[in-house]
Each structure stands twice: as structure tokens, then as C-alpha cells.
Amino acid sequence: MAGIDDILGRIQNAWTGFSFSQKVVIGGIVVAVVASIVVFSLWLRKPSYAVLFSDLDISSAGEVSQELEKMGEKYKVTRGGTTILVPSERVAELRINLASSGAITSGTVGYEIFDHNDIGVTDFVQKLNLKRALEGELSRTISSLTSVEKARVHIVFPKESIFKENSRDATASIVVMMKRGYTLSQSQIRGITNLVAYSVQDLKPENVTVVDRNGNLLSSPAQDDALGLSSTQLDIKRK
């Protein structure tokens, strides 16, 4: 005890001998060291996050987030809602649990919507399901192209009318999201347009619009398509 008392006495004498400015500097150093230790300790206790799923569409991301909340799991959403992060040690188990629960989907529905034939479905719901299935199948087909990352197809069927002069044609809009470094030629765009047009009853190619993710119009004007000009001829004509 005498040794400890001697050390404390020396520290006290040394502290008394310091000027006010020296005491301020020493006090600041001590506070900085303590704060650094606290921050470092908190950082060590903070869980490291890893990617659970990436490149999700908004629908799938929402389903995964809801499922994680039900499980009481911590998660983060990044990259505009397309990527979900969870604590790294939970990645493998959560992937299995979410896959088995059916929370992960492609974001589009195809003809598998008719796999479950519910009794009592109204004609309106049946037509709506057919429209969703057709849009989903066309979206999947376009998304399978080498240069396309994702695609969405929206079809509008006109209301049926007994008067021919009041009848209207079907229309469709296609949103294509390209892979990095890829573009679509006019020939490919016309191919996508015809694919959708000839897959939908009463849909003409000139009533199909193709845009990119930024809303830029990619499809050719209707009059050029009607003339059946090649992509080279279209470029020359525009010049």
C-alpha cells in the first residue's frame, strides 16, 4: 500500500506543478483517449452486414422486408430498394427460411397463375388474370434477351363496344432496363415491338411503345414502322 500511496503522491505533486494550460492539454488528451476506446468498443459490438438478396424488384423487396420484420430480424435496404442486407452470420439461414416461405419471387406472374383453379372466379377476375399472365410471360421473354436486364410489359385492352365507330385498338407499353454497356438496335426494338403486337389480340405494332428506364422513347415512329423501313434506312431518313 505504501508503494501505491507513494505513486499517487508523486502524480498529485506533478499535477500540482503543471500550469493551467498544461492541465487543459492533458485533460483533453485523456478525454480523447477515453472517447476513442468507447467508440472502438461500440464498433466491435456493431454487427457487420452482408448481402442477403440483390437486384430485387420492388415487389419482391417489399415481401422480403415484411417477412424479415415478422421474424424480428435486423436488416438494411440499399441501392434504391433493390438490395437487402442482414447481419453476416444470419445470411445463410435467412436465405433458406425466406426461400422456403415463398417470399422470393421474380416479381412477374406468368401462366402459372392458372395453376390453382379457384371455383367461383368471376369473368372480370379471369380476364384480369389473363392480362397479368400475358404481361408476365412477355416480360420474361424480353428479359431473356442478352442485352436486357429486366423488362416490364403493360397492356391496355379497350372496352368492348357494340358500335364499330366507338371501338378502339389495344395498346401496350414496354419498359426495358439494359445491362451495363449494352444498347438495342432499331432492328431489335422492332423485333420486341412485333413480338408483343403479334402476341396480343387486336394489338398493332404502331400501338406499341418501347421506352428505357429513364423514359426515353426507343421505338420508331408509327409511320416509319408502317413503311417497313430497315434500321439503316430509318437512320438515313432522320438525317
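**Salt bridges, strands and loops**

Mentor: Let's begin with Glu-135, which counts as buried at 11% relative accessibility (buried is under 20%, exposed over 50%, partly exposed in between, with a 1.4 Å probe and protein chains only). Keep in mind that this is a predicted model, where local features need pLDDT of at least 70, side-chain atom pairs need 80 or more, and totals for chains, interfaces and linings use all residues. Numbering starts from 1 along each chain as its sequence is written, and side-chain values use heavy atoms, without hydrogens or water.

Trainee: OK, which side chain does Glu-135 meet in a salt bridge?

Mentor: Lys-131, at 2.8 Å from N to O (the rule asks for a Lys or Arg side-chain nitrogen within 4 Å of an Asp or Glu carboxyl oxygen). Lys-131 is partly exposed, with a relative accessible area of 23%.

Trainee: And how far apart are Lys-131 and Glu-135 along the helix?

Mentor: They are 4 residues apart in helix α5, residues 123-143, which means about one helical turn separates them. Helices here are DSSP runs of H or I with at least four residues, strands are E runs of at least two, and both are numbered from the N terminus.

Trainee: What does Glu-137 pair with?

Mentor: Glu-137 forms a salt bridge with Arg-140, and their closest N and O atoms are 3.5 Å apart. This pair also sits in α5, 3 residues apart, which again comes to about one helical turn. Glu-137 is partly exposed at 24%, and Arg-140 is partly exposed at 31%.

Trainee: Nice. How many salt bridges does the rule give?

Mentor: The count comes to 6. One of them joins the side chains of Glu-149 and Arg-213, at 3.5 Å from N to O. Glu-149 lies in strand β4 and Arg-213 in the loop between β6 and α7, so the pair ties together parts that are 64 residues apart in sequence. Glu-149 itself is partly exposed, at 36% relative accessibility. There is also a network in which salt bridges with shared partners join Glu-73, Arg-90 and Glu-93.

Trainee: You mentioned β4. What's the order of the strands in its sheet?

Mentor: The sheet is open, has 3 strands in the order β4-β5-β6, and its pairing is mixed (two strands pair if DSSP finds at least two bridges between them). β4 and β6 stand at the edges with a single partner each, so one side of each has no neighbour in the sheet.

Trainee: Do β5 and β6 pair in the parallel or the antiparallel sense?

Mentor: Parallel, over 6 bridges, with β5 covering residues 170-178 and β6 residues 203-212. Ile-174 stands opposite Val-210 in β6.

Trainee: Switching to loops, where is Asp-202?

Mentor: In the loop between α6 and β6. Asp-202 counts as exposed, at 55% relative accessibility. Its phi is positive, about 60 degrees, although Asp-202 is not a glycine. Most residues other than glycine have a negative phi.

Trainee: And Asp-169?

Mentor: Asp-169 lies in the loop between β4 and β5 and is partly exposed, at 39%. Its C-alpha atom is separated by 6.4 Å from that of Pro-158, 11 residues apart along the chain.

Trainee: Last one: how many helices and strands does the chain have?

Mentor: The protein chain has 8 helices and 6 strands. From the N terminus, the elements run α-α-β-α-β-β-α-α-β-β-α-β-α-α. Of its 239 residues, 26% are buried.
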